[in-house]
Every structure is written in structure tokens, then in C-alpha cells.
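Colleague: I have a new model open and would like to learn how to read it. Could you take me through it, please?

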Amino acid sequence: MMIVAEVMILLGALVLLISSYGTFKFQDVYNRLHAASISTSGGALLLGGGLSILGSLVHGKLFLKPLLIILIIFLTSPVSS
């Protein structure tokens, strides 16, 4: 289960890296907004989920802070972009 959490964290970081590159590379404003919204939805979900699983395995109790952060990001992401 720890390997799954680590893979989720790495994939989330990779999605954030690729979308940040797309934010700088695209020329149109709408394409940049699309790349930025992908990073919040895909990258934050994978990164926060992996952190929650990894923290729960290491400390032996359920970590809810990363899940709460994911919820807040999903609620505020449409407004910010």
C-alpha cells in the first residue's frame, strides 16, 4: 500500500510539472487557464490522496488534512480560474 501512495505522489508531482510547463508554453490566455485548471484537478487530487494514504500508514491513524485541502481546492477552483 505504501508503494501505491508513493506512486500517487509522484504522478501528482508529474501532472503539476507538466501543467506548469503548459502554462508557460501556451500562447493563448484560454489555453493557459486550461493548463492551470488541469493542475488543480489532477495534480492536487493525486498528491493529496497519496499524502493522506502515506500519512495514515506511517502514523497509524487517518489523516484528513490533505483530504480537506483537496475538497477546498475543488470548491474554489472554478471560481479562481
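Modeller: Helices (H or I, at least four residues) and strands (E, at least two) are DSSP runs, numbered from the N terminus. In this predicted model, local features need pLDDT of at least 70 and side-chain atom pairs count only at pLDDT 80 or more, while totals for chains, interfaces and linings use all residues. Residues are numbered from 1 along each chain as its sequence is written, and side-chain values use heavy atoms, with hydrogens and water left out.

Colleague: How many helices and strands does the protein chain have?

Modeller: The protein chain has three helices and zero strands, in the order α-α-α from the N terminus.

Colleague: At what angle do the axes of α1 and α2 cross?

Modeller: Axes are lines fitted to C-alpha atoms, for helices over the stretch in contact, and angles run from 0 to 180 degrees between N-to-C directions. Here α1 (residues 2–25) and α2 (residues 29–59) cross at roughly 160 degrees, and their axes come within 7 Å. Angles over 145 degrees count as roughly antiparallel, and α1 and α2 are therefore roughly antiparallel to each other.

Colleague: What share of the residues is buried?

Modeller: Buried means under 20% relative accessible area, with a 1.4 Å probe and protein chains only. Of the 81 residues of the protein chain, 22% are buried.

Colleague: And what are the spans of the C-alpha trace?

Modeller: Along its principal axes, the C-alpha trace of the protein chain spans about 45 × 25 × 10 Å.

Notes
Parallel < 35°, antiparallel > 145°, perpendicular 65-115°, else oblique. Buried < 20%, exposed > 50% of the residue type's maximum accessible area, 1.4 Å probe, protein only.
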